[in-house]
Amino acid sequence: MDFIFGAAVQLEVTDQEISQLLFSVFVEGGFTDATMAASLFEPASVRARGSLIGARESQSLDFAGMVIVVYPGSPARRLAQGEETEMHLLGVKPVYRGNQLVRALVAAAVDDAVQNGYTAMLLATQPSMRAAHRLYE
């Protein structure tokens, strides 16, 4: 399976696609309460966190996954200090898992940070996100 990667603007990612993806990954995945998700995953605030990088399946153009690179100066930063960046809301629709898409999104996030002159990136995950931990290790 092939994917097209790019900034959300380039891929013309809609607010509905962002909401559906995050709900599928985090709420249906059991990581976020549905009532909290409405405010946490409000598309305008998600976009405002930083550089949203998306992936579309190349034939159907289905929005398959995303990650956000959060830069210094963003009020969304939680752990980073100084010139460090953060990785937020890495998620891939369940149907596209197992196709190296998660790894490619992580690489795209790192590339985005490096191209913008940054050399350090932090991320945090919930203890229950075991699959994510294996990937990051």
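This is a predicted model: local features need pLDDT of at least 70, side-chain atom pairs count only at pLDDT 80 or more; totals for chains, interfaces and linings use all residues.
Which helix does Gln-10 lie in? Gln-10 sits in helix H1, residues 8-11, with helices (H or I, at least four residues) and strands (E, at least two) taken as DSSP runs and numbered from the N terminus. Residues are numbered from 1 along each chain as its sequence is written, and side-chain values use heavy atoms, with hydrogens and water left out.

Back to Gln-10: its relative accessibility comes out at 62%, so this residue counts as exposed (over 50% relative accessible area; buried is under 20%, and partly exposed falls in between, with a 1.4 Å probe and protein chains only). Between the C-alpha atoms of Gln-10 and Val-95 there are 23 Å, with 85 residues separating the two along the chain.

On the charged side, three salt bridges turn up (a side-chain nitrogen of Lys or Arg within 4 Å of a carboxyl oxygen of Asp or Glu). One of them pairs Asp-15 with Arg-47, with 3.0 Å between the closest N and O atoms. That pair ties together distant parts of the chain, 32 residues apart: Asp-15 belongs to helix H2 (residues 15-27) and Arg-47 to helix H4 (residues 43-48). Asp-15 is partly exposed at 40% relative accessibility, and Arg-47 is partly exposed too, at 28%.

Glu-17 and Arg-56 make another salt bridge, at 2.8 Å from N to O. Here helix H2 holds Glu-17 and strand E2 (residues 51-57) holds Arg-56, 39 residues apart. Both Glu-17 and Arg-56 are buried.

Then there is Asp-62 with Lys-93, whose closest N and O atoms are 2.9 Å apart. This one links two loops: Asp-62 is between E2 and strand E3 (63-70), and Lys-93 is between strand E4 (85-92) and helix H5 (101-115). Asp-62 is partly exposed at 25%, whereas Lys-93 counts as buried at 18%.

Beyond its neighbours within four places in sequence, Ile-18 is in contact (heavy atoms within 4.5 Å) with residues including Val-13, Arg-47 and Phe-63.
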